[in-house]
Amino acid sequence: MIPKNLKRARSFLKRALRKAPRKGGLPDGMQFYRPGRRSELNAGFQTYYRENADKISKGEVPARYLKIAKLVPGERVLEIGSADGTQSLVLARSKSLVCGVELMPMQFEEACELRKKWIKNGEVVERCEFRNEDVLTSTIDLDGFDTVLMSRVLYHFRDSADAMLEKIAQSKVNNIVLVGCPIRERKWREHGVSGDDMGKYAYLASQEGMESVLHEHDFHIVSSFSSEKGDDPIVVASRSL
Ligand SMILES: C[S@@+](CC[C@H](N)C(=O)[O-])C[C@H]1O[C@@H](n2cnc3c(N)ncnc32)[C@H](O)[C@@H]1O
């Protein structure tokens, strides 16, 4: 029989290992995510998706997705970090082409399943495709899009955020829509670099941080929404080429 405290030590070790970030051998970004229950690395689904998954599978989406969709200009949209796929699918209802790129296999699979369900329900979203790729190393042709959307994503790139924006600036993309995070923004405002586990990158989750990096890459701000009421800060920027 295994003594009780040995059992406890074992389960403690298991839990600690599950929580430990893995180093080396992972594509950019993945090392920031922890293994989930089935040991796959994932960032977890956002609360607004998890809590509404049943309704979303029937095409009934929370207001945030509709609000963001209304603000996205252009006809051909690339959503970077498309996760469960809801936002890309909502966009596909009105756009001529939508591509959602997602690093995590679990999120990517969820998005593909959701797409199938929506099509089965009669939604015309065939023009939405999903790709399971790391956008930082992907060979995806940005010139094929008018608009890039990154919702709660830019700060996850940490020191590659600027390179990502530069890659977009070098392409024919005319519009960028950035959605930040009100919680990270508040922590950054209240405590600076020590407030959030993103450190200095939490600035990129704030309205002014998003506006500032977009200016740096020669996009002008078309509209900008604060997180005052607890909503996600959103910045829409454009340029004419
Ligand atoms: C916080 S979630 C936001 C999900 C969704 N856009 C939303 O607003 O609810 C960030 C997503 O970006 C994805 N991501 C992070 N780095 C990425 C990369 N290098 N390439 C593609 N996707 C990435 C993550 O896997 C995750 O699904």
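Biologist: What should I know before reading any numbers?

Modeller: This is a predicted model, in which local features need pLDDT of at least 70, side-chain atom pairs count only at pLDDT 80 or more, and totals for chains, interfaces and linings use all residues. Residues are numbered from 1 along each chain as its sequence is written.

Biologist: How many helices and strands are there in the chain?

Modeller: The chain has 9 helices and 9 strands. Helices (H or I, at least four residues) and strands (E, at least two) are DSSP runs, numbered from the N terminus.

Biologist: And what share of the residues is buried?

Modeller: Buried residues account for 38% of the 241 residues. A residue is buried if 20 or more other C-beta atoms lie within 10 Å of its own, exposed if 12 or fewer, and partly exposed in between, with C-beta atoms placed from the backbone.

Biologist: What about contacts between residues at least 24 apart?

Modeller: They form 61% of the contacts between residues at least 6 apart in sequence. Two residues are in contact if their C-beta atoms, placed from the backbone, lie within 7 Å.

Biologist: Let us turn to strands. How do β4 and β5 run, parallel or antiparallel?

Modeller: Strand β4 (residues 97-102) and strand β5 (residues 128-132) run parallel and are joined by 5 bridges. The chain passes from β4 through helix α6 (residues 105-120) to β5 in a right-handed β-α-β crossover. Right-handed means that, with the strands pointing away from the viewer, the path from the first strand over the helix to the second runs clockwise. Across this pair, V101 stands opposite R131 in β5.

Biologist: Which strand pairs with β9?

Modeller: β7 pairs with β9 in the antiparallel sense over 5 bridges, and β8 also pairs with β9 in the antiparallel sense over 5 bridges. Two strands pair if DSSP finds at least two bridges between them. I234 in β9 stands opposite V179 and is the bridge partner of F225.

Biologist: How many residues of β9 are buried?

Modeller: In β9, 4 of its 5 residues are buried, leaving the strand mostly covered.

Biologist: Which residues of α9 are buried, and what covers them?

Modeller: In helix α9 (residues 207-216), the buried residues are Q207, G209, M210, V213 and L214. Their cover includes α7 (161-169), β7 (175-179), β8 (220-225) and β9 (234-238). After α9 comes D218, with a positive phi near 65°.

Biologist: Now D84, please. Where is it?

Modeller: D84 lies in the loop between β3 (76-80) and α5 (86-92). It counts as buried because 24 other C-beta atoms are within 10 Å. Leaving aside residues up to four places away in sequence, D84 touches F45, Y49, Q107, E110, A111 and L114.

Biologist: How many residues apart are Y49 and D84 along the chain?

Modeller: They are 35 residues apart along the chain, while their C-alpha atoms are separated by 7.6 Å. Y49 belongs to helix α2 (residues 47-50) and is buried because it has 21 C-beta neighbours inside 10 Å.

Biologist: What is the phi of A83?

Modeller: Phi of A83 is near 45°, a positive value in a residue other than glycine. A83 is in the loop between β3 and α5, and it is buried because 26 other C-beta atoms lie within 10 Å.

Biologist: And R158: buried or partly exposed?

Modeller: R158 is partly exposed because 16 other C-beta atoms lie within 10 Å. R158 sits in the loop between β6 (147-151) and α7, and its phi is positive, near 45°.
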